[in-house]
Amino acid sequence: MFFSQTVPAVRYAAIALAMIHRKYLDHDSSVGVHRSQSLKDWSPDKAPLRHYNHAIQLLLNQEGGDNTEITAITLLVCYLFICFDYLAGNYVQAVKHLRGGVGLSRNIDKAILNNSSTYDDARLSGIGTLICQITRQICRLDMQAVTFLVDWTPAGIQETFTSQLPSSGNTFWSLDQAADHLQILVARVMRLRNTEQQMCPMGEMPPSSLSLKNIILAQLETWLSFFETMLQQGSSYENDLETHRLASLLRLQHTIAWTLVSSYGPGREMAYDDYLPKFQQCLVLAGDIVAHEQCSEWLQPTFTPEVGIVPVLYIIGVKCRHPIVRRQVLNILRRQTIREAVWNSIFAARVVERVIEIEEGELEEAGLTQGMERIPVWQRIETLSWVHVVSGQSAPRLDITYTFCMREGTYTESLRV
């Protein structure tokens, strides 16, 4: 709030974000079918974009001065731009801002935060605190980008997990600290699975990957032990609604990460059938989280630049072949518009719906009872990606690309949304 009042670049970036967020809420609240479109389709006055561009010009025209303050302003505006472009559907531009923010965060001279010979201690302390907060948020966005960018490698992902854990007590100090450590592990899980898709589309898993699997599983077990100890020692986690929701979200993300790693191996897509109880557990947790979010504003569209439940539900929908579980996933995804970074609950639901049609279609045509065991391995979709396309006056669509397990060839389709 201080920088929004005192720094024009921050003020205009914040106004742009506020306006685009207001239009998002008004648009999705006023239509019968929730459908998120690009900024140019549902913002005819272009006011948010004008403020956005003005913020860019002001940032570029900053006068020379305190490097610490300039760094803080640049990081803060960068973070606001990331949020703006995610919300506006300008995902390519959002990723460019994210790369820039990550690069700036990695190159910060930590010494300037300790140099109080020139500047007032309290003022420098405030700027340093802001830099640390924004850097932490950008780092989390960096770690989470692997859930939607197959070739993304977060900065610092190779650092040892053990060295990052609390030095004593075998517990986390807070839910935020637990979340930061879990993001690193989730990123490693996604990098392992993404590397498998890129390097071993038809072959067996290399020994190095199987060794990494065991390492990550051990790290996930360590995280869970620290997490459970923290919950047992804290008395407020079950009583406070927001902390209970965050604890459930962390447990949900840990469970799906553990499932993805545990199922990694020669069993390929058939291996997921053995983890039905874990998928069902995730579904219960997701339902609990959504119920808590909807207590105050029923079916109100939501947005956050961070990743939450949508990618988890998407993974369950495409990897768990139990017909009831899949349709429960669709029910949660379609209940309200949820935007998490590039993840859109309505788009995810449409893709999951198409996967169900492809994998279960032959069963329906043959009049057979649906069940996981009845979907053969060659009928199961293994890799899947999609892009939201908006061009001219054409209706928005999802272009999906997928492959089948144990079969060569890549398939593409366009889905209306």
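Begin by selecting Asp 180, which is partly exposed in this predicted model, its relative accessible area being 21%. Its side chain meets that of Arg 140 in a salt bridge, with an N to O distance of 3.6 Å. Asp 180 belongs to helix 9 (residues 175–199) and Arg 140 to helix 7 (residues 121–144), so this pair links distant parts of the chain, 40 residues apart.

Next, centre the view on Arg 140, which counts as buried at 11% relative accessibility. The side chain of Arg 140 also forms a salt bridge with Glu 306 (3.2 Å, N to O). Glu 306 is found in the loop between strand 1 (302–304) and helix 13 (310–319), 166 residues apart from Arg 140. Glu 306 is buried, as is Arg 140.

Move to Glu 353 and Arg 334, a salt bridge whose closest N and O atoms are 3.4 Å apart. Because Glu 353 lies in helix 15 (residues 345–365) and Arg 334 in helix 14 (residues 323–335), the pair ties together parts 19 residues apart in sequence. Both are partly exposed: Glu 353 at 27% relative accessibility and Arg 334 at 36%.

Then select Glu 269, Lys 319, Arg 321, Arg 326, Arg 327, Glu 359 and Glu 360, which are linked in a network of salt bridges. The structure holds 20 salt bridges.

Finally, display helix 4 (residues 47–60) with helix 5 (residues 67–88). Their axes are 11 Å apart and the packing angle is about 155°; the two helices are therefore roughly antiparallel. The crossing is left-handed. Contact residues include Tyr 52 and Ile 56 of helix 4 and Val 77 and Phe 81 of helix 5. The contact comprises 10 nonpolar residues, 1 polar and 1 charged.

Methods:
Residues are numbered from 1 along each chain as its sequence is written. This is a predicted model: local features need pLDDT of at least 70, side-chain atom pairs count only at pLDDT 80 or more; totals for chains, interfaces and linings use all residues. Side-chain values use heavy atoms; hydrogens and water are left out. Axes are lines fitted to C-alpha atoms, for helices over the stretch in contact, and angles run from 0 to 180 degrees between N-to-C directions. Helices (H or I, at least four residues) and strands (E, at least two) are DSSP runs, numbered from the N terminus. Angles under 35 degrees count as roughly parallel, over 145 as roughly antiparallel, 65 to 115 as roughly perpendicular and the rest as oblique. A crossing is left-handed if the near helix is turned anticlockwise from the far one by less than a right angle, and right-handed if clockwise. Contact means heavy atoms within 4.5 Å. Ala, Val, Leu, Ile, Met, Phe, Trp, Tyr, Cys and Pro count as nonpolar, Asp, Glu, Lys and Arg as charged, and the others, Gly among them, as polar. A salt bridge is a side-chain nitrogen of Lys or Arg within 4 Å of a carboxyl oxygen of Asp or Glu. Buried means under 20% relative accessible area, exposed over 50%, partly exposed in between (1.4 Å probe, protein chains only).
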